[in-house]
Amino acid sequence: MPQKSFAYSQTVPSVSIQNADFDAAQEYSQLRDSGAGTGAIATFTGLVRDSGDRQGVTGLFLEHYPGMTEQVIGDLIAQACQRWDVRKARVIHRIGRLPLKSQIVFVGVCSAHRRDAFAACEFIMDALKTSAPFWKKELTDAGEHWVEQKASDVARSEDW
Amino acid sequence: MPQKSFAYSQTVPSVSIQNADFDAAQEYSQLRDSGAGTGAIATFTGLVRDSGDRQGVTGLFLEHYPGMTEQVIGDLIAQACQRWDVRKARVIHRIGRLPLKSQIVFVGVCSAHRRDAFAACEFIMDALKTSAPFWKKELTDAGEHWVEQKASDVARSEDW
Amino acid sequence: MPEQTLSVRFFARLREELGTVHLTMPAPAGQTAADLLATLASRGGPWGQLITGQPVMIAINQAMAKPQSPVKPGDEVAFFPPVTGG
Amino acid sequence: MPEQTLSVRFFARLREELGTVHLTMPAPAGQTAADLLATLASRGGPWGQLITGQPVMIAINQAMAKPQSPVKPGDEVAFFPPVTGG
């Protein structure tokens, strides 16, 4: 769980790891309902796309480390709350088999100011990619393979 | 209108200037429906908050320059399409009287990659703040006043 | 042959303080946006602020322009404060 | 007094290639995560990759750790490939 800052007003769980799909619209509504001091909401959604490490991807299988995942992401949100004005933050990450075009991950942040909303949202997403214990396997008609961590993702995460 | 890049697949107007509120959920759905190559959707929404240039803001009045506004924002989207992988982009900006907590502006971008989605979304938003002809008047119980352009907004826009 | 004119628009604080949304003005040859501002400022009263007051942004035919940009008959010229949308 | 043990978990590619989700191992005093990896690698076959193969990440009690981090009885130690979520 994130440390509370004066402005932080989380009323729903910050972090959900789930097989089920999520409703980005409902997440947006929850973020928006955070008092008259909120001026900015930034969201990011990741989708399963047809080309990753290889072409012809038909879906993903996502594995995670239950318990550790929630702790790592909760800590990232806490770090974001220390660095920026964050009124609410929400992270959802799906696991299991996800067909093409599925929603994989949602990160939403609301803040007084747009700079803080963008920065906190992108920081959480970048840091999640290299520190939250998820592993992605790409499924193709020719078989399946574990995705390799990208140097560019590590570099981006270290830039924060 | 943005220049078409190989990946750009806009099927709704890129830019809407309107009095009416917008449905962020519907905008998200439209952005998401953009082919199996889309891996990332970044959105930003600006809301009327209770403190701006002064405290005790109860609402805003937004004026714009019809015609020029659409051209300027269309050009910003075109610039974003030249610099980043942008599959779809959508900008909605409201005008007229907007009470506290109202949605003011929506910027949504979908892309193959998260870096491009974040960058294009934030670029359009930052550049819109200093180049699109909108003017904001803050309404308070003590009267109303035109908002002054912020040096920090100009600096952010110039950073791109 | 009718006098050649251009169209001038004001927005936001300028619109309010000048009490003017739109003007049609003569468009003599070789005129710049700065010349137009000087002509308007010479009306006195609140119009003086166009050259002595806070910064005035200029658009010609709905594209951002500079004081030295030429204006010609038929143009739509707009003057307004720095923008504050978003 | 029962032998003191710790719990070892494997994820993703390692889980598959080692055919192992979970192990309970002895936890001698003064042991590090690297010692544990060496013990496991000595099983031979696919286990050798734990010290000669691709990078192995280490978590102790669900927090990222280093090869030189001490492990003690009761700990939950996890080995896995670099993460690829998001």
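Student: In which helix of chain A is A:T69 found?
Tutor: First, a heads-up: this is a predicted model, so local features need pLDDT of at least 70 and side-chain atom pairs count only at pLDDT 80 or more, while totals for chains, interfaces and linings use all residues. Residues are numbered from 1 along each chain as its sequence is written, chains are lettered from A and ligands numbered from 1 in the order in which they are written, and side-chain values use heavy atoms, leaving out hydrogens and water. Helices (H or I, at least four residues) and strands (E, at least two) are DSSP runs, numbered from the N terminus. With that in hand, A:T69 is found in helix 2 (residues 68-83).

Student: Is A:T69 buried or exposed?
Tutor: Buried means under 20% relative accessible area, exposed over 50%, and partly exposed in between, using a 1.4 Å probe on protein chains only. The relative accessible area of A:T69 is 0%. That makes A:T69 buried.

Student: Which residues does A:T69 touch?
Tutor: Contact means heavy atoms within 4.5 Å. Leaving aside residues up to four places away in sequence, A:T69 touches A:I17, A:H64, A:P133 and A:F134.

Student: Which members of the largest nonpolar core touch the most other members?
Tutor: A nonpolar core is a set of buried Ala, Val, Leu, Ile, Met, Phe, Trp, Tyr and Cys residues joined through side-chain atoms within 4.5 Å. The largest one has 92 residues. Another core lies apart from it, with 21 residues, among them C:V8, C:A27, C:L40 and C:V71. Back in the largest core, the members that touch the most others are A:I73, B:I73, C:F80 and D:F80.

Student: Which chain A residues does D:F80 touch?
Tutor: Not counting residues up to four places away in sequence, D:F80 touches several residues of chain D, including D:F11, D:L14 and D:V56. From chain A, D:F80 touches A:Y65, A:M68 and A:W135.

Student: How far apart in space are D:V56 and D:F79?
Tutor: D:V56 sits in the loop between helix 3 (49-52) and strand 3 (57-60) of chain D, and is buried at 19% relative accessible area. Among the residues that D:V56 touches are D:L14, D:F79 and D:F80. D:V56 and D:F79 are 23 residues apart in sequence, yet C-alpha to C-alpha their distance in space is 6.3 Å.

Student: How are the rings of B:F61 and B:W146 arranged?
Tutor: Rings of Phe, Tyr and Trp (its six-membered ring) pair if their centres lie within 6.5 Å; planes under 30 degrees apart count as stacked, over 60 as edge-to-face and the rest as tilted. The structure holds 26 such pairs over all chains. B:F61 is in strand 3 (residues 57-64) and B:W146 in strand 8 (residues 143-146) of chain B, so their pair ties together parts 85 residues apart in sequence. With 6.5 Å centre to centre and 75° between the planes, the pair is edge-to-face.

Student: What about B:Y65 and C:F11, how far apart are their ring centres?
Tutor: This pair crosses between chains, from B:Y65 in the loop between strand 3 and helix 2 (68-83) of chain B to C:F11 in the loop between strand 1 (5-10) and helix 1 (12-18) of chain C. B:Y65 is buried at 0% relative accessible area, and C:F11 is buried at 5%. Their planes are at 35°, so the pair is tilted, and the ring centres are apart by 4.5 Å.

Student: Which chains have the most contacts between them?
Tutor: Chain A and chain C do not touch, their nearest C-alpha atoms being 10 Å apart. Chain B and chain D do not touch either, and their nearest C-alpha atoms are 10 Å apart too. Among the three pairs of chains that touch, the most contacts are between chains A and B.

Student: What value is phi of A:K101 near?
Tutor: A:K101 lies in the loop between strand 5 (96-99) and strand 6 (103-111) of chain A. A:K101 is partly exposed, with a relative accessible area of 41%. Phi is positive here in a residue other than glycine, with a value near 75°.
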